[in-house]
Amino acid sequence: MVKRESIRVLIAKPGLDGHDRGAKVLTLGLRDEGMEVIYTGLRQTPDMIVQAAIQEDVDVIGLSCLSGAHNYLFPAVVDLLKAKGAKHIVVVGGGIIPQEDVLLLKSKGVEALFGPGAPIRQIADCIRAAVAGKSGV
Amino acid sequence: MELVKKMLAGSQQPLARLITMVEREAPEVPEIMRQVYPHTGKAYCIGVTGPPGAGKSTLVDKLTSGFRKKGLSVGIIAVDPTSPFSGGAVLGDRIRMQQHYLDSGVFIRSMATRGSHGGLPKTAKAVVKLLDAFGKDIIIVETVGVGQTELDIMEAADTTVVVLVPEAGDAIQTMKAGLMEIAHIMVVNKADREGADYLVCELEAMVRMGPKRSDWLIPVLATQAAFDVGIDALMQEIEHHRVYLKTSGELEQRRCEQRKSEFIEIVEQRIKERLLNLVENDGRMSASVLRVKSGDIDPYSAAQEILENRELLREWLGKM
Ligand SMILES: Nc1nc2c(ncn2[C@@H]2O[C@H](COP(=O)(O)OP(=O)(O)O)[C@@H](O)[C@H]2O)c(=O)[nH]1
Ligand SMILES: [Mg+2]
């Protein structure tokens with residue numbers, strides 16, 4: 001009997017903006033999709049996020065950012081993961097992100113990006129597919 | 001095992017991966033634990049339990065700062081409940097511990113309760129062992145506790161701290177919930193709020209009147225974790241309790257009991273696992289299941305049939 005294991009997700013809010021409503025909604029939504037969601041709160045530096053992700057051995061990091069600094073912060077997390085030998089961790093992002101930035105971020109290793117209206121089910125399915133892809137199943 | 005070697009050498013990533021394997025009950029776990037065991041027994045384990053929102057995580061955060069100032073390294077296991085509906089969980093204790101994220105002397109791991117009925121996942125004790133072998137001096141286990149389910153934490157921890165708040169109701173409620181029985185130290189947190197002094201007095205009276213289980217008299221403390229008030233006193237009481245356990249011989253006695261129950265649990269679980277595997281895949285068992293499902297026979301009589309079938313039992317045992 002093989003149990004399907006819960007995917008572990010770390011939700012973090014890098015940057016200086018103080019709105020975490022979206023991050024909280026996502027946290028609850030992913031829990032309802034059967035995931036174990038570690039919520040780490042506001043104003044995280046990429047260093048803190050990556051350190052937490054490593055200790056928690058998560059499959060996915062979900063970054064939420066409304067401050068417009070996503071072009072710097074999201075790739076910084078991806079690069080740090082690489083540097084620490086944890087590039088198996090999938091990074092997805094959320095926020096108000098212009099289309100040209102989406103392409104840029106994807107080219108820098110962010111798996112997927114979601115606007116404020118994205119349905120949770122869609123985000124969850126995307127996470128499940130990405131995790132299955134990375135673990136080679 | 002390569003992963004165990006790297007973990008023992010002090011690397012965080014292998015430790016994190018080993019914890020995951022233990023949590024997922026991977027087939028390698030018995031071998032992992034066998035190799036880890038000789039390196040355990042040095043850490044001191046503190047359990048922190050109490051109702052949701054009482055300030056446990058905030059308290060753990062402040063205690064961690066205190067231990068770090070003394071030059072001790074800290075491992076934290078923070079448990080939150082698994083949702084019985086989705087199997088998912090929100091693990092939010094880390095929010096209160098951000099100041100320690102970049103301190104290499106602190107390792108924080110969030111765990112969901114998963115299948116366990118109590119506040120402590122059944123794999124948590126093995127995770128404590130991993131952190132112990134990793135070299136943490138102090139291991140703090142935070143669980144949500146509202147009642148007797150918390151006996152688990154008392155078994156795993158050397159000192160159990162029960163955290164209450166003035167709003168949580170009166171001391172009678174606490175006693176009914178069985179929190180009194182598991183506490184080595186009682187803390188009334190959010191003492192900045194009304195009713196704290198009263199609850200402290202009530203609890204103190206309760207402790208004095210209650211049945212004495214040992215020479216340790218449970219201290220009742222008022223704290224304001226969010227404002228860093230009363231933390232030093234709590235640190236002192238934890239130290240008192242540690243010294244008491246050591247000098248009274250209770251610590252060694254507890255460790256003996258812990259080893260014994262660990263052994264029995266392992267044997268029990270492995271027998272159960274293997275046997276269930278055989279039983280589930282046995283044709284005669286499936287035949288009985290069908291009859292029970294259709295209502296042809298009641299489950300008690302069907303079970304009796306199986307248990308009275310000596311030959312069948314012997315066959316299963318032989319295959320184990
Ligand atoms: N007023 C007051 N609030 C506190 C105190 N300690 C913690 N809190 C707050 O209580 C809330 C819950 O704290 P948390 O540590 O997450 O509780 P837990 O669920 O028991 O882990 C947070 O908003 C804390 O800031 C205190 O001493 N006084
Ligand atoms: Mg907590």
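Select A:M35, which sits in the loop between helix 1 (21-32) and strand 2 (36-39) of chain A. Helices (H or I, at least four residues) and strands (E, at least two) are DSSP runs, numbered from the N terminus. This is a predicted model, in which local features need pLDDT of at least 70 and side-chain atom pairs count only at pLDDT 80 or more, while totals for chains, interfaces and linings use all residues. Residues are numbered from 1 along each chain as its sequence is written, chains are lettered from A and ligands numbered from 1 in the order in which they are written, and side-chain values use heavy atoms, with hydrogens and water left out.

**Stop 1: A:M35**

Is A:M35 buried or exposed? A:M35 counts as buried because its relative accessibility is 1%. Buried means under 20% relative accessible area, exposed over 50%, and partly exposed in between (1.4 Å probe, protein chains only).

Now show the residues that A:M35 touches. Not counting residues up to four places away in sequence, they are A:I7, A:V9, A:L30, A:A124, A:I127, A:R128, B:G88 and B:A89. Contact means heavy atoms within 4.5 Å. For a distance check, select A:A12 too: A:M35 and A:A12 are 23 residues apart in sequence and 15 Å apart in space, C-alpha to C-alpha.

**Stop 2: A:Q51**

Move to helix 2 (residues 46-56) of chain A and pick A:Q51. With a relative accessibility of 13%, A:Q51 counts as buried. Leaving aside neighbours within four places in sequence, A:Q51 is in contact with A:K84, B:Q12, B:Y101 and B:L102. Which residue's side chain is joined to that of A:Q51 by a polar contact of 2.9 Å? The partner is B:Q12. A polar contact is a pair of N or O atoms within 3.5 Å; within protein, one must be able to donate a hydrogen and the other to accept it, and residues adjacent in sequence count only if both atoms are side-chain atoms.

**Stop 3: chain B as a whole**

Along the principal axes, the C-alpha atoms of chain B fill a box of roughly 65 × 50 × 40 Å. Of the 320 residues in chain B, 50% are buried. Among contacts in chain B with a separation of 6 or more, 76% are between residues 24 or more positions apart.

**Stop 4**

Select B:T113, in the loop between strand 4 and helix 5 (124-134) of chain B. B:T113 is buried, with a relative accessible area of 10%. A polar atom of the B:T113 side chain lies 2.9 Å from the backbone nitrogen of B:T82.

Next, select B:E25, in the loop between helix 2 (12-23) and helix 3 (29-36) of chain B. B:E25 is not a glycine, yet its phi is positive, near 50°. Its relative accessible area is 34%, so B:E25 is partly exposed.

Then go to B:D228, in the loop between strand 8 (220-222) and helix 10 (231-248) of chain B. B:D228 also has a positive phi, about 60°, although it is not a glycine. At a relative accessible area of 48%, B:D228 is partly exposed.

**Stop 5: the magnesium ion**

Select ligand 2. Which residues coordinate the magnesium ion? They are B:S57 (OG), B:D93 (OD) and B:E142 (OE), at 2.1 to 2.2 Å. Donors are N, O and S atoms within 2.8 Å of the metal (3.2 Å for Na, K and Ca); water is not among the atoms, so sites may look incomplete. In sequence the donor residues are spaced S-x35-D-x48-E. B:S57 lies in helix 4 of chain B and B:D93 in the loop between strand 3 (89-91) and strand 4 (106-112), so the pair ties together parts that are 36 residues apart in sequence. B:S57 counts as buried at 8% relative accessibility, and B:D93 counts as buried at 8% as well.

**Stop 6: ligand 1**

Finish at ligand 1 and show the 18 residues around it, of which B:G53, B:K56, B:T58, B:R96 and B:D192 come nearest. A residue is near a molecule if one of its heavy atoms lies within 4 Å of it. Helix 4 (residues 56-69) of chain B gives the most to this shell, with three residues.

Look at the side chains around the oxygen atoms of ligand 1:

- B:K56: a side-chain N or O atom is 2.7 Å from an oxygen atom of ligand 1.
- B:T58: a side-chain N or O atom is 2.5 Å from an oxygen atom of ligand 1.
- B:K190: a polar side-chain atom is 3.1 Å from an oxygen atom of ligand 1.

The protein covers 78% of the 580 Å² of accessible area that ligand 1 has on its own. Accessible areas come from the Shrake-Rupley method with a 1.4 Å probe; for residues, only the protein chains shown count as cover.
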